[in-house]
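Notebook open. I want to look up a few residues and the charged pairs here, and jot down what turns up.

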Amino acid sequence: MKRDKKTGFLIALISFLLLISTVQDTYSKYRSEASGETNISIARWNIIVNNQDIISNNQINNVLTPIFLNNSNVADGVIAPGAVGYFDLNIDATNVDVSFNYSLITSINAESAVSDLIVVGYTIDGGAMNNVGGMITDYDETILLDAQNKTRTIRLYIKWDDSSSNNVDDTIAALSDGKAKMNVLINFSQVIN
């Protein structure tokens, strides 16, 4: 009887050890781990305005040089009351990997010697003239990722408006050798969803 108990105990011990070994192998299969690394390209945001990257250079003041339309009564390269000129904003977004929106706002610079400088109109890519007769306050456009053309040339036509009764101020501006200054603000933002 003692021998049967010892044999039964030995068989139970061996069975218990086999059970532990089997359970350990089963659990080790579920405790395995693996690691990896992903390489995901980041979308490009390389917008160029008048040949300048807007990320590295957000001031394009020196690039906006107006061209004045032929006027036999005004010297080339200067503005005078009634003179009309234009300057171009060339936007190149060919290296942009997202849809984006841009808006354009113009205003008189606080340091401008001419207070009645106005935008009379603008064209997009040489299209029809859009008349303004003041300042641009709400122009915006969305350029989609799949757009065939990701460049824009916006031509702004400006004029020294001589219709107001501030001729004394105009004369002082001309005599003081001041500069006519206009602010042009272009905001770019990614379209999300």
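Started with Ser103, which sits in strand S5, residues 100-108. This is a predicted model, so I'm reading computed values throughout. Relative accessible area for Ser103 comes out at 18%, and because the cut-off for buried is under 20%, I put Ser103 down as buried. Skipping neighbours within four places in sequence, I find Ser103 in contact with Tyr139, Asp140, Leu185, Ile186 and Asn187.

Next, salt bridges. How many does a search of the whole structure find? I get four, and I looked up some of them.

Asp97 pairs with Arg44, with the closest N and O atoms 3.0 Å apart. That one links distant parts of the chain, 53 residues apart: Asp97 is in the loop between S4 and S5, Arg44 in the loop between H1 and S1. I noted Asp97 as partly exposed at 30%, and Arg44 as partly exposed at 40%.

Glu111 and Lys181 also form a salt bridge, at 3.3 Å from N to O. Glu111 is exposed at 61%, whereas Lys181 is partly exposed at 31%.

Then Arg152 with Glu141, at 2.9 Å between the closest N and O atoms. Arg152 lies in strand S9 and Glu141 in strand S8, so this pair ties together parts 11 residues apart in sequence. Buried or exposed? Both are buried.

Last stop was the surface. Phe9, Leu10, Leu13, Ile14 and Leu18 make a nonpolar patch of about 520 Å². I checked Ile14, which is in helix H1 and is partly exposed at 46%.

Key. Residues are numbered from 1 along each chain as its sequence is written. This is a predicted model: local features need pLDDT of at least 70, side-chain atom pairs count only at pLDDT 80 or more; totals for chains, interfaces and linings use all residues. Side-chain values use heavy atoms; hydrogens and water are left out. Helices (H or I, at least four residues) and strands (E, at least two) are DSSP runs, numbered from the N terminus. Buried means under 20% relative accessible area, exposed over 50%, partly exposed in between (1.4 Å probe, protein chains only). Contact means heavy atoms within 4.5 Å. Patches are made of residues with over 30% relative accessible area and no salt bridge: like charges are joined within 9 Å, nonpolar side chains (Val, Leu, Ile, Met, Phe, Trp, Tyr) within 5 Å. Accessible areas come from the Shrake-Rupley method with a 1.4 Å probe; for residues, only the protein chains shown count as cover. A salt bridge is a side-chain nitrogen of Lys or Arg within 4 Å of a carboxyl oxygen of Asp or Glu.
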